[in-house]
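Open the model in your viewer and have the selection tool ready. The stops below are meant to be taken in order.

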Amino acid sequence: MRGRGTQRVAARGWGSHRTITAALRAASSGSVISVSRGVYHESVLIDRDISIVADREHGPVELVSTDGPALVSRAGAAMVHGLTVRGAVHTSDGVLTLVDCDVSGGEVAADGWARPVLRDCRIHSTVGAGLRLRGDAQAEVIGCAIEEVDGDAVVVGQSARMTLRHTTITRPTGNGIVVSDRASAELDECTVTHTGGVGVHAQEQARVTLRAGRVSDTAGDGIRLVGVARDADSADAHPPAADAGACQAEVGDTVVTRSGGNGLSAYGAAQLTARSVKVDDSTRSGLYAQSGARMVLTGCEIGTTGSTGLAVRDARLEAAESTLNGAGANGLFADGDSHVVLRRCALRDSSFSSVHLAGHADVELDDCTISGTPQHGVRVTGRSFLRMSGGTVKRTEMTGVQVEEDGDATVRHTTIENVAVGIRVESSHRPLFEDCTVRSTPQAGLEAGPGSGPTVRDSHFSDSGGAGVFLDRDSAATIEDCVILDAGGSGLVVWDGARPVVRTLRVRNCGKNGVYFGTGSAGVVDDLTVSGSHFPALFLGAQASPRIRRCHVEDTDSDLNLAEGSEPTFVDCTTSNVRSVSMPTTETPARRVLAGQPGGAPAAAGAGSETEAQERPDLDSLLGQLNDLVGLTRVKHDVGTLVRLMQMVKRRQEAGLAPPPLSRNLVFAGNPGTGKTTIARVYGQILNALGMLTQGHLVEVDRGSLVGEYVGHTAPKTQAAFRRAIGGVLFIDEAYALVPDGQSNDFGQEAISTLVKLMEDHRDQVVVIVAGYPDEMIRFIAANPGLSSRFNRTLTFDDYVPDELVDIVAHHAGQHEYQLADVTRAALNTYFSSVRQAERSGNGRFARQVFQEMTERHAYRIADDNDPTKEQLSTLLPADVPEEGPLREQ
């Protein structure tokens with residue numbers, strides 16, 4: 001046997017082995033085998049420490065497989081340098097190092113406890129995979145190229161670990177890199193390009209890290225994570241870093257471009273963290289998360305996409321200081337039970353609405369910039385919820401912020417400018433807009449749709465082409481501490497039947513009226529200042545009956561224009577620098593008034609005090625109003641019982657007897673649109689008529705009115721709302737929102753504690769009514785021991801049955817001078833009976849929508865009649881009843 005040292009291999013020549021295998025048999029551990037140029041047809045097995053070095057001075061050294069793998073390593077520390085290998089390379093144990101080798105015709109595979117190292121190698125023209133790791137193998141790949149693979153270029157499975165540095169993967173027919181099971185892969189300064197599938201694909205419980213790399217020109221997604229499927233509830237159970245069973249990827253300083261699918265995608269129990277990543281030119285979405293996945297972006301850029309920029313369905317997304325430009329659909333689309341938080345992000349130039357919320361999505365936008373869309377800046381639909389603080393919405397061709405269907409929103413400290421309509425609300429909830437600036441709107445600054453009830457506080461509306469604020473038919477908005485400037489139309493428009501609550505409003509320099517009240521409108525306006533309007537400062541249409549207190553009109557030609565039949569109430573109103581003064585200064589039978597003289601002079605003699613001018617309402621009249629309401633049989637009976645009980649209490653007190661224990665606070669349990677607010681308002685007036693409340697007015701609040709954003713803000717907000725209700729009723733809609741399910745440390749608990757103490761301190765001055773869904777109200781009352789003792793009476797508001805919904809439609813028809821034929825009532829009953837309960841929700845709002853669609857169908861039906869009769873103009877027929885099926889959106 002030859003001794004230690006170098007064994008030489010040559011195809012011909014004296015003193016050399018003719019095969020590498022022969023040299024291996026002769027070599028001892030630690031030897032070097034030098035192989036001269038030539039083609040060696042053999043399969044080489046390495047089972048010890050050895051080095052095989054190609055002597056390429058006179059040409060290449062090729063190892064060609066005869067049967068099975070060309071090279072197999074089973075033990076030891078082997079190094080192969082400079083060989084051209086035509087066949088597979090397999091290692092199952094020990095360390096196999098390939099340096100400057102060219103491998104083709106078979107994959108490089110490692111399993112067991114193998115530790116392969118590849119440096120400056122090229123793997124190409126293989127079938128199945130280029131490089132494959134399984135078992136507990138660990139591979140290090142540096143400066144290599146893996147090309148032209150018929151299949152996936154790199155496959156890492158089971159518990160294997162792979163590190164790739166300065167490596168290029170190009171033109172596999174399948175995926176670039178696939179990591180599965182509990183395997184992991186780490187890529188530094190690598191390029192994956194021109195793949196037939198996904199660039200980097202991780203699944204199950206795999207982990208992937210990419211740094212300073214590039215993934216481009218992929219037929220599928222650029223980077224895709226697929227974890228075990230889960231729902232959004234389980235996704236919320238743990239923070240992203242805590243879910244050890246998830247498929248995880250960390251991507252930093254990487255470019256993902258020209259993806260045939262999504263740029264980044266994650267599904268199921270998957271977590272992707274991206275820092276300083278640029279995603280551009282994706283055929284589908286730039287980022288797509290679904291089915292419980294979580295994504296965290298910091299300092300990322302999402303460029304041109306064929307579809308939505310950021311798409312989130314039943315998943316979570318957090319992004320900070322990131323930008324999105326040129327989305328082919330929405331900039332952000334959040335659907336299902338998604339939770340999205342964007343902080344200091346910019347969304348620009350989307351083809352559809354920049355931000356679209358649907359399903360039950362919960363989205364928080366903190367100091368974000370939204371601009372450039374032919375649709376809405378932010379659109380809230382379904383039962384989604386928007387929290388927006390700070391930031392700007394600008395350059396949208398439709399609405400800056402649109403809230404519709406059952407969507408809800410809290411928008412604070414936000415600027416909305418250069419949009420068609422600043423804010424539009426068409427929701428059944430009560431969105432809150434606080435400390436917002438809305439300017440340069442060709443149409444209205446804010447539109448409250450029919451029947452809606454937004455709350456707007458501390459906000460500025462300026463430079464609108466139409467109305468500054470438009471409150472549509474039957475709406476019930478709350479406007480507090482706001483300013484309307486330079487409106488092209490009227491400053492505040494209160495349309496037919498609307499009943500807003502307006503406190504501390506300044507209206508200046510409007511092209512038409514300062515405040516316009518439509519036919520049959522009402523409401524309460526306190527502390528109003530109107531100046532510089534081109535039309536009369538106030539206009540009141542027929543049957544308009546608002547109560548206006550402490551109104552001051554200045555610097556206008558005319559202060560007031562009253563249509564015939566209007567019935568306003570003026571209290572302590574003044575004018576200055578008004579050429580034509582018409583505001584009444586004495587009380588008249590048709591119009592109860594207590595008004596100051598122009599310039600703030602004392603009231604006319606005999607006018608009396610405000611309390612005297614507003615005599616208590618008639619109890620019988622109020623009970624008549626209550627009984628005239630459609631349906632609500634149980635509620636009417638319960639209220640009637642309460643009235644009798646309180647009348648008895650009053651008589652006992654007048655007789656010098658101690659009153660029995662009596663709680664006037666109530667729980668209203670029922671679905672939306674079943675009359676809870678209406679009953680609350682009548683209840684307060686009844687208590688006023690009985691002398692148990694000094695005013696009986698209604699103050700409506702929700703969570704946003706009571707709960708602050710920061711520590712120390714909640715108690716003052718709750719106290720301020722309670723003070724406004726002194727002498728009347730504090731009505732807390734959706735009160736269960738004060739105790740979010742599963743969030744014991746929420747600020748809502750502070751609001752409840754403050755409220756309980758205030759109710760005790762002022763139990764004879766304020767009545768509190770909490771309202772919401774029946775099941776949720778049970779949970780709410782159980783949330784605090786002080787609530788159950790103060791709310792021991794619940795009024796249940798049943799959904800309207802078809803007969804009652806027909807009566808509501810008939811009521812609206814009578815108000816608007818339409819008639820329902822008997823056959824029409826029968827057709828309506830059939831329609832309401834056929835519509836699924838989930839669609840009609842048993843509420844009056846649905847009946848109003850049906851009436852509105854009937855009037856539209858009626859108008860379309862008689863449009864071609866050039867000379868219709870009065871009866872034809874006012875009679876609704878069965879043909880005007882909507883067809884069976886869901887009512888189209890209004």
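This is a predicted model: local features need pLDDT of at least 70, side-chain atom pairs count only at pLDDT 80 or more; totals for chains, interfaces and linings use all residues.

Residues are numbered from 1 along each chain as its sequence is written, and side-chain values use heavy atoms, without hydrogens and water.

**Stop 1: strand β50**

Select residues 415-427, which make up strand β50. Strands (E, at least two residues) and helices (H or I, at least four) are DSSP runs, numbered from the N terminus. Of the 13 residues in β50, 11 are buried, so the strand is largely enclosed by the rest of the structure. Buried means under 20% relative accessible area, exposed over 50%, and partly exposed in between (1.4 Å probe, protein chains only).

**Stop 2: its partners**

Two strands pair if DSSP finds at least two bridges between them.

- Glu404 stands opposite Glu426 in β50.
- Look for Thr415 opposite Thr437.

**Stop 3: an aromatic pair**

Rings of Phe, Tyr and Trp (its six-membered ring) pair if their centres lie within 6.5 Å; planes under 30 degrees apart count as stacked, over 60 as edge-to-face and the rest as tilted. The count comes to nine aromatic pairs. Select Phe668 and Phe797, a tilted pair with 4.8 Å centre to centre and 50° between the planes. Phe668 lies in β68 and Phe797 in β72, so the pair ties together parts that are 129 residues apart in sequence. Phe668 is buried at 0% relative accessibility, and Phe797 is buried at 3%.
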